[in-house]
Amino acid sequence: MNAAILSATPPRGALRAMEKGGLITVMVLLGLGVTLLAVVMVVAVVLAANGMTFLSLPSSTSPEGPNLLGSNVTDATFDSFSMTVHGVSISAMTPWIFTLILGCLVLAATLVFFLVLALRLYRGRPFGRLITAGLATIAVVNIAGAFVFPALFSVASRSILVDLGIPLDGAPFKVGYLFTEADMASLVVGVICALFAGAFHIGTRLQRETEGLV
């Protein structure tokens with residue numbers, strides 16, 4: 001019976017190989033993510049510098065909207081209003097460019113940090129003061145960004161719309177402080193990183209104590 005169980009258990013070497021293969025896959029995906037993000041940021045900034053960008057704002061549903069769909073529809077909601085704009089002055093576009101670059105840098109820093117963490121896991125040395133400090137920093141930046149970026153995007157969007165002379169009163173979209181799914185994701189990532197920072201702090205201390213006994 002015991003022999004059958006032992007034979008069904010994968011060898012330790014095979015498990016280690018699978019673990020390393022998974023970490024390599026994660027590192028490759030993170031590297032590709034950083035590269036793609038850099039390309040998207042450059043393209044978006046170049047277009048914005050030439051007065052062009054893409055806006056996606058929450059839509060404000062007209063009270064007459066459901067009636068247009070028939071008498072059997074009592075309620076209808078349109079989530080977003082998307083538009084491509086051009087001819088925006090560089091002064092009005094500056095807040096948008098600043099917010100765009102800042103957001104991309106925060107996301108890129110998060111991805112690069114997780115890439116470094118995966119590399120340390122691959123080498124079998126995940127714990128360390130640098131990793132703990134990095135996790136704490138990523139946590140603070142993402143949690144703060146979850147509440148700051150909605151305000152920055154609101155100011156940037158309003159600046160563009162005002163420059164184009166688009167009336168905001170009665171517009172089919174909303175401009176203001178809006179906490180979106182992306183902001184919620186940033187908040188969740190920040191909280192998770194904060195928890196991991198505490199765990200890695202304990203792990204680093206235990207590792208130093210263990211090494212001191214050897």
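**View 1. Helix H4 and the glycine that follows.** In this predicted model, helix H4 covers residues 90–123, and its 34 residues reach 47 Å from the first C-alpha to the last, close to the 50 Å expected at 1.5 Å a residue. Helices here are DSSP runs of H or I with at least four residues, strands are runs of E with at least two, and both are numbered from the N terminus; the expected span of a helix is 1.5 Å times one less than its number of residues. After H4 comes Gly124, which has a positive phi, near 80°. Residues are numbered from 1 along each chain as its sequence is written, and side-chain values use heavy atoms, with hydrogens and water left out. Because the model is predicted, local features need pLDDT of at least 70 and side-chain atom pairs count only at pLDDT 80 or more, whereas totals for chains, interfaces and linings use all residues.

View 2. When residues up to four places away in sequence are not counted, Ala108 touches Val34 and Leu37, a contact being heavy atoms within 4.5 Å. The C-alpha atoms of Ala108 and Gly31 are separated by 9.9 Å, although these residues are 77 apart along the chain.

**View 3. Val26 of helix H2 and Ala118.** Val26 lies in helix H2, which comprises residues 12–49, and with a relative accessible area of 38% this valine is partly exposed. Between Val26 and Ala118 there are 7.4 Å from C-alpha to C-alpha, with a sequence separation of 92 residues.

**View 4. The bent helix H5.** Helix H5 consists of 35 residues (residues 129–163), which at 1.5 Å a residue should span 51 Å; the C-alpha atoms at its ends are 48 Å apart, in agreement with that value. At Ala146 the helix H5 bends by about 40°, and a proline, Pro150, follows within four residues; the bend at a residue is the angle between axes fitted to the seven residues ending there and the seven starting there. Gly165, with a positive phi near 75°, follows H5. Ser154 is also located in H5 and is buried, since its relative accessible area is 13%; leaving aside residues up to four places away in sequence, Ser154 touches Val175, Gly176 and Tyr177.

**View 5. A nonpolar surface patch.** Phe147, Tyr177, Phe179, Met184, Val188, Ile192 and Phe196 make a nonpolar surface patch of about 660 Å². Patches are made of residues with over 30% relative accessible area and no salt bridge, with like charges joined within 9 Å and nonpolar side chains (Val, Leu, Ile, Met, Phe, Trp, Tyr) within 5 Å; a salt bridge is a side-chain nitrogen of Lys or Arg within 4 Å of a carboxyl oxygen of Asp or Glu. Accessible areas come from the Shrake-Rupley method with a 1.4 Å probe, and for residues only the protein chains shown count as cover. Helix H6 (residues 181–213) gives the most to the nonpolar patch, with four residues. Phe147, by contrast, lies in helix H5, and its relative accessible area of 44% makes this phenylalanine partly exposed.

Methods. Buried < 20%, exposed > 50% of the residue type's maximum accessible area, 1.4 Å probe, protein only.
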